[in-house]
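Hello,

I am passing a structure over to you, and my notes on its salt bridges follow below. Please have a look at the model first.

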Amino acid sequence: MRGSLFNLNRRTAQRFKQLAIASVKIKLLLLCCIAFVLVLLAGCASVFQGEDAIGVSSNQFSDSRSVQKGFALLINTWKRNDLLKQSIAHYARCSSLDSIHIVWSEPDPPSESLKKFLNHVIQLNSKSDRRVELKFDINKEDSLNNRFKPITDLKTDAVFSIDDDVIFPCSSVEFAFDVWRSAPDTMVGFVPRIHWIDQKGSADRYVYGGWWSVWWTGTYSMVLSKAAFFHKKYLDIYTNQMPASIREYVSRNRNCEDIAMSFLVANVTGAPPIWVKGKIFEIGSTGISSLGGHSEKRTQCVNRFVAEFRRMALVSTTVKAVDSRNIWFW
C-alpha cells in the first residue's frame with residue numbers, strides 16, 4: 001500500500017515537473033514571439049520615420065527636392081495697379097510663396113511709390129519666416145511672350161503663373177502646389193479648356209472649346225496659364241527652344257500664348273495636364289474672352305500650333321484633382 005502511494009506521489013510529482021517545464025517553454029516561446037514582434041514593429045517604425053531597409057535616411061534625398069518647398073508667383077499685369085495691389089496683398093499670405101515676379105511690359109517703368117507699397121504689403125501679410133522677394137521683370141517690348149521669359153536666379157522649381165484679375169484662396173493654391181509636386185513635369189491649373197476634331201471639316205482640323213465644353217463633356221486637354229503651376233524649365237524652352245514662328249504668331253495676334261505653353265508642355269511630356277478644383281474670384285472687368293470671335297481665333301491658334309509641332313500634341317483626360325478634406329462626399 002505504501003509502495004503504491006509512493007509511486008503515485010512520485011508520478012504526480014513528475015507530471016507537475018513536466019507541466020512546469022512545459023509552462024516555462026511556452027513562456028519562453030511567447031517571450032520570443034513578443035520580442036520578434038517588437039523588433040519588427042521597431043523596424044517598420046524606422047521606415048515610416050524616414051529610414052529605409054538598408055539604413056539610409058530618406059532625408060538624404062530631400063536636398064534634391066528642397067527647391068520644391070516653395071513656389072514663385074509669376075503675375076502678368078498691364079496698367080491695372082489697383083488689381084495688382086489686390087493680388088499681391090492676397091497671395092503674400094500663402095505660406096509656400098517664395099518670391100513674386102511681376103511681368104512689366106508698360107512703356108513707363110513702375111513708380112517708386114508702387115514698389116514701396118507692394119513691398120510694405122508683402123512684409124505686412126507674409127506668413128513665412130523667410131523674406132518674400134519682389135522683382136519687376138521689365139520688358140521693352142509689349143508682347144504676350146514676355147510672361148514666359150526665363151527668370152534669372154529663380155530659387156524654386158515651381159512657377160505659379162497668374163493673371164492680375166483673378167484670385168484663388170491660398171488653401172486652393174497650396175493644394176494645387178502639392179498636386180504639382182507629385183507630377184512636376186506637367187501643368188497643374190484651375191482653368192481647363194478642350195480641343196476636339198472638327199466634325200464638319202477635314203479630319204485633321206481641330207476646334208477650341210471653352211469652359212462650357214469642358215463642363216458638358218467632363219474632358220479637357222489644356223489648363224490655361226492664367227492660373228497654373230509649371231516647372232521653371234519651360235520658361236527657357238518656350239523662349240529659346242520652341243519654334244520662333246510660334247512666338248511671332250503670338251505677338252502678331254496678341255493671343256494664344258497660353259495655348260502655346262500647353263502645346264509645349266504636352267509635346268515634352270506626352271501627358272495631359274491636371275485640372276485642380278478651386279474657387280475663382282474675378283476682380284477685374286471682362287477680358288478678351290468676352291469679345292466677339294474669341295473662340296474662332298483660338299481655334300485658328302490650335303490648328304496653327306498643330307502645324308508648327310507637326311502633330312496634335314495635346315492629350316485629353318477626364319482626371320480632376322479634388323481636395324477631399326473640403327467636401328463631404330468624394
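D178 is partly exposed, with a relative accessible area of 37% (partly exposed lies between buried, under 20%, and exposed, over 50%, using a 1.4 Å probe and protein chains only). Its salt-bridge partner is R181, with the closest N and O atoms 2.5 Å apart; a salt bridge here is a side-chain nitrogen of Lys or Arg within 4 Å of a carboxyl oxygen of Asp or Glu. R181 is partly exposed too, at 29%. Helices (H or I, at least four residues) and strands (E, at least two) are DSSP runs, numbered from the N terminus.

A word on the basis: this is a predicted model, where local features need pLDDT of at least 70 and side-chain atom pairs count only at pLDDT 80 or more, while totals for chains, interfaces and linings use all residues. Residues are numbered from 1 along each chain as its sequence is written, and side-chain values use heavy atoms, leaving out hydrogens and water.

In total, there are 13 salt bridges. One of them joins D164 to R80, with 2.6 Å between the closest N and O atoms. D164 belongs to the loop between strand 4 (158-163) and strand 5 (166-167), and R80 to the loop between strand 1 (71-76) and helix 2 (81-91), 84 residues apart. D164 is buried at 1%, whereas R80 is partly exposed at 27%.

R80 also pairs with D165, at 3.6 Å. This pair ties together parts that are 85 residues apart in sequence. D165 is buried, at 9%.

Best wishes
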